[in-house]
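The following exercises concern the sequence and the predicted model shown below. Please work through each task before reading its solution.

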Amino acid sequence: MIHQAGTVLIQRPVDIVFACTADPEQAFLLGKGAIIRHQSEGPLGVGTTFQVLTPTPTRGPIETTLEITAYVPNHELAWKQTAPAVPRLGTVETTNACRFETVPTGTRVTLTIQAERHLERRDRSGNLQPLPKLALLWTLPLGVGDGFISLLLRPTIQRLLAGLKRTLETQAA
């Protein structure tokens with residue numbers, strides 16, 4: 001399992017930081033250009049699901065499913081996200097947690113991402129199925145692929161948190 005985290009201090013009150021972060025229309029912690037569509041009924045909370053389209057530079061958008069797993073206003077927002085089989089990596093499932101802490105100068109936000117890679121893919125019903133044998137020939141071994149994902153996550157977390165900080169502190173000015 002891959003584990004990466006990052007922290008940022010935002011000079012805004014925790015209620016404003018949480019509201020902005022939890023707003024699906026903003027999609028701050030899903031990456032630049034992500035399009036998010038509400039799939040489930042009702043208000044935002046544990047169990048709410050979304051379809052997310054994230055642009056990539058080479059393959060076009062990747063469609064993932066996102067489900068809110070923790071929702072404690074002004075304290076915690078967590079979600080799991082499953083990406084379909086990615087060439088040479090397999091299926092990647094992430095567990096993401098964003099914690100909010102009031103500090104004298106504003107809000108400390110900590111984003112933690114845990115990623116797990118499977119040499120399977122999810123079928124339309126959500127069940128894991130083995131990758132075809134031909135695909136396995138081109139798939140990176142688990143250790144190599146995990147290192148690659150870990151290298152990508154660290155700067156991604158920092159970029160997402162910096163964008164959230166920039167947006168919120170600019171709105172305050």
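**Exercise 1.** Determine in which strand T112 lies, and whether T112 is buried or exposed.

*Solution.* Step one: T112 is placed in strand β7, residues 106-118; strands are DSSP runs of E with at least two residues, helices are runs of H or I with at least four, and both are numbered from the N terminus. Step two: the relative accessible area of T112 is 19%, and buried means under 20%, exposed over 50% and partly exposed in between, with a 1.4 Å probe and protein chains only. T112 therefore counts as buried, at 19%. Step three: leaving aside residues up to four places away in sequence, T112 touches H3, Q4, A5, T95, N96 and A97, where a contact means heavy atoms within 4.5 Å.

Residues are numbered from 1 along each chain as its sequence is written. In this predicted model, local features need pLDDT of at least 70 and side-chain atom pairs count only at pLDDT 80 or more, while totals for chains, interfaces and linings use all residues; side-chain values use heavy atoms, without hydrogens and water.

**Exercise 2.** State how many helices and strands the protein has, and what share of its residues is buried.

*Solution.* The protein has three helices and nine strands, in the order β-α-β-β-β-β-β-β-β-β-α-α. Of its 173 residues, 40% are buried.
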